[in-house]
Amino acid sequence: MGTLAGRLRAPGSTALGWLRELEVQGGWRGEVETHQALVKALISEGCAAEAFDLACDGLSMHKADITLEYLRALALDRGGNPRLASQYVAELLQRDLSGSLLIEALSLAGKAEKRKCQQAGDEQSRREAASASAIWYERAYQLTGDYFPGINAAAMSLLAGERSLAEQRARELLTAFAQTESGSDDFWLLATRGEAHLIVGNQSEALRWYRLAVERAADRMGDLGSMLFDLKMLGTQVSIGPEVLGLFNLGRVVAFAGHMVDKPGRVAPRFPAEDRLVARIREAIDEAILGLDARIGYSSVACGSDILFAKAMIARGRETHVVVPFALDDFYGTSVQYGQPNAKAWRADCDFVLANAHVHYATKEAFLNDDALWAFSNTFTQGLAISRASELGTDANALVLLDTNSPSLPGGTVSFVESWGARPVQIVDLASLRDGSQAPVVVAAPSPALPATRRQVKAMLFADVKNFSKLEEGKTDTFFSVFPHEVASLLKTSAATEFQNTWGDGLFLVFDRVKDCADFALRLVERMSTLDFEKVGLPADTTVRVGVHAGPVFSQHDPIISRVNFFGSHVNRAARIEPVTTPGCVFATEQFAGLLAVEGGSEFTTEYMGIKTLPKDFDRCALYRLGRRSQAGAQR
């Protein structure tokens, strides 16, 4: 265990890297200390989703481990889900806690209220949440006199309007700090000294201590993001100079796209597999990564520029995500090794990236020569990048290797730039790199015509009524005189659907836009929460559960219902989401959340809920709780 902890602290080492090595070695899952150390490291590195899943995995084997229970709640809070974090902390505080774990649990309860304060939509709600947060932190501080709950009690008291109490706590801490050494490696202690100086109005000393804190925290994106979160909240009540805020350079999240190596038979060379050109492109991409200060990257993993980008990010120790557009074997054939002389090298590079990056699948279904899947993958990749940047409070940029003479084709590099919209984009000019490469001109038969799009990306909703199976036969007619009419009334005031169908209490809807689907899903839950289900013979706690998903589906005229119907594996996946959804909630897939971010659904929120096993062993997938944010910023 000591060896693992030491390796995690070694330069260039990451928790994700060690987790993968341990998975290969096997046999470590019985060691609760290993689970704890890895979860802590993942949280510190900013990998909240992975930390939450690993904590849940550890609790499946170490059910009584309260440290893992605490870390599970902490991962949820860091991932932006204070609602569920609060629930877990409340359960944890029912246990017989003592020592540092009690202090951390009390502080996390305060942290969850702090996030509610930040998300509140009006001044009264902000002050109420700030006051609740201060109470939790003050309780922890009185038990220990520890600096962490102490500074948070001061900050939240300030946000609650108790300035004199806030300054009193800050001065107490500064007096205690004056008796300690200043060379600590504890970056949280250093940040606390800076925060205390801000509360009492000492900008120069605040800058000094925050500078040391940021230096010690180094590349711990999660911890730096948490520090910046606290600073921005404090900035609503005290003056914070630009020098302090300027210390927190979290870099950028980058969504990358670029051309693949030319396929055999291409008439006019665009990206020929020529060593000197590949070297120039590799160098240009690496320079762009440095220029953008790209700390987190998202791309596909096709031969050519995708692989060059992903390998450059991995080599620099940056967080790297790759999206596989469809079934991996099909992807190898269409996009990695299609008869090139150096195809084996590209395949080896692709496998290296897949083994060393976070891997996401836009869909796991077969390609079937359907360009709709390329476009879906592009949008999904962009959505992941935009969502990650929002989570960290940093910027999302696109980086593109582009031959500007290329046409705009579904899922191509030009269409990637077009769908990125007005967000920042940096283009590496492929033509200028190619012109000096002395690449040979290939004269061959024209490329075959592009295949027609067979599938269309749609947003899908499945819903049913909890407790419907308990309905007495004599009450059935009463239920159907109410429920379908409520849904129909709601549909009349919603965006047009592509398809509607019901069976019993079940509802299946198809939308062209994910924003419209999200809006209807939340309105449905809101409407059903107002119904008196007891009047129709169901328990008072009856409500609906709603699952939403987006993906490429087939459509065809259905002779039985005499209209166009939608089908395919993504319809099946959408149907499997609803049974694992918490009643009264809307659960969304990662694909739905990604597309919602690209469409600009700023009025919605998505809270990570973890990896869920779908019914009938259909699959395991990441799910998010869909919510609505008011204009003032409150989440409901």
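**Helix contacts and ring pairs**

Mentor: In helix α8, the residues R127, A130, S133, A134, Y137, E138, A140, Y141 and T144 meet F148, P149, G150, N152, A153, M156, S157 and L159 of α9. Contact here means heavy atoms within 4.5 Å, and helices are DSSP runs of H or I with at least four residues, whereas strands are runs of E with at least two, numbered from the N terminus. This is a predicted model, in which local features need pLDDT of at least 70 and side-chain atom pairs count only at pLDDT 80 or more, while totals for chains, interfaces and linings use all residues. Residues are numbered from 1 along each chain as its sequence is written, and side-chain values use heavy atoms, with hydrogens and water left out.

Trainee: Why are α8 and α9 called roughly antiparallel to each other?

Mentor: The axes of α8 (residues 123–144) and α9 (residues 147–159) come within 8 Å and cross at roughly 155°. Axes are lines fitted to C-alpha atoms, for helices over the stretch in contact, and angles run from 0 to 180 degrees between N-to-C directions. Angles under 35 degrees count as roughly parallel, over 145 as roughly antiparallel, 65 to 115 as roughly perpendicular and the rest as oblique. The two helices are therefore roughly antiparallel.

Trainee: Why is α3 called roughly antiparallel to α4?

Mentor: The axes of α3 (residues 32–44) and α4 (residues 48–61) come within 8 Å and cross at roughly 165°. By the rule already given, α3 is therefore roughly antiparallel to α4. This contact is made by H35, L38, V39, L42 and I43 of α3 and E50, A51, L54, A55, D57, G58 and M61 of α4.

Trainee: How many aromatic pairs are there by the rule?

Mentor: The count comes to 19. Rings of Phe, Tyr and Trp (its six-membered ring) pair if their centres lie within 6.5 Å; planes under 30 degrees apart count as stacked, over 60 as edge-to-face and the rest as tilted.

Trainee: Why is the pair of F326 and W374 called edge-to-face?

Mentor: The ring centres of F326 and W374 are 5.0 Å apart and the planes stand at 75°, so the pair is edge-to-face. F326 lies in the loop between β3 (319–324) and α17 (328–336), and W374 in helix α19 (residues 372–392), 48 residues apart.

Trainee: Why do F326 and W374 count as they do, buried or exposed?

Mentor: Buried means under 20% relative accessible area, exposed over 50% and partly exposed in between (1.4 Å probe, protein chains only). F326 has 0% relative accessibility and therefore counts as buried; W374, at 18%, therefore also counts as buried.
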